[in-house]
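Q: I would like a close look at one residue and at the parts of the chain that relate to it. Please keep it plain and spell out the cut-offs.

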Amino acid sequence: MSVRTVCLGWHWQPYQYTRDATDVNGARVLPFPDWMVRLGRRALKETGHTDAEAQAYIPDTALVNYYDDTARLGMHQDKDEHSLAPVVSLSIGDACTFRFGNTENRNKPYTDLRLHSGDLFVFGGASRLAYHGVPRVHPFTAPDGCGLERGRINITMRMTGLTD
Ligand SMILES: O=C(O)CCC(=O)C(=O)O
């Protein structure tokens with residue numbers, strides 16, 4: 001993994017979520033913003049989920065990943081959450097090749113698709129625990145006005161299923 005990550009709501013480190021960034025500086029994680037909850041719900045509605053499913057969706061953490069030109073993210077499952085509610089992913093800046101695989105292992109079958117700035121990707125249901133990763137960023141593909149001249153930011157919002 002060669003991306004740089006900050007978190008909202010809960011701080012993620014491999015295998016656990018905590019309220020404080022215990023492996024960095026011990027600081028309390030910033031709150032999860034309401035606008036992101038609204039965006040997550042809207043994303044579910046627009047990807048075929050019912051109104052009830054969208055209303056029940058209360059994401060409480062987001063991992064904000066920054067990728068420079070050479071950054072990669074290996075194939076992994078998002079499985080440190082106690083909830084299997086969908087993960088909503090939002091991309092900004094340079095496009096990337098996003099590899100979306102199967103739920104058994106990191107290998108084929110998988111599908112490579114290009115995620116562009118502004119793309120929103122939801123994985124839930126049977127795909128919630130699919131292995132996925134980013135083998136490549138495509139430098140200089142960020143559209144003018146997207147807010148990022150260079151590199152890629154990806155925000156994945158999730159429901160941890162945790163309480164304080
Ligand atoms: O950058 C992406 O599109 C995927 C991010 C991801 O897989 C993760 O944060 O777990």
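A: W12 touches C7, Y17, T61, L63 and D80, leaving out residues up to four places away in sequence; two residues are in contact if their C-beta atoms, placed from the backbone, lie within 7 Å. The model is predicted, with local features needing pLDDT of at least 70 and side-chain atom pairs counted only at pLDDT 80 or more, while totals for chains, interfaces and linings use all residues. Residues are numbered from 1 along each chain as its sequence is written.

W12 also belongs to the largest nonpolar core, which has 17 residues; W12, Y57, A62 and V88 touch the most other members. Such a core is a set of buried Ala, Val, Leu, Ile, Met, Phe, Trp, Tyr and Cys residues joined through C-beta atoms within 7 Å. Buried stands for 20 or more other C-beta atoms within 10 Å of the residue's own, exposed for 12 or fewer, and partly exposed for values in between, with C-beta atoms placed from the backbone. At least two residues of this core come from each of helix 1 (34-45), strand 4, strand 6 (87-93) and strand 11. Helices (H or I, at least four residues) and strands (E, at least two) are DSSP runs, numbered from the N terminus. Strand 6 gives the most, four residues. A second, separate core has eight residues, among them A95, C96, L115 and V137.

Helix 1 buries G40, R41, A43 and L44. Seen down the helix axis, these buried residues fall within an arc of 160°, so they line one face of helix 1; the arc is that of the directions from the axis to the C-beta atoms. Their cover includes helix 2 (51-56), strand 6, strand 9 (120-123) and strand 11. On the other side of helix 1, D34, W35 and R38 are exposed.

L63, one of the contacts of W12, is also one of the residues surrounding the ligand, as are N65, D78, H132 and T156 among others; here a residue is near a molecule if its C-beta atom, placed from the backbone, lies within 6 Å of it. Strand 4 (61-67), strand 10 (132-138) and strand 11 (152-158) each give two or more residues to this shell.

K79 sits in the loop between strand 5 (73-76) and strand 6. K79 is exposed, with 10 other C-beta atoms within 10 Å.
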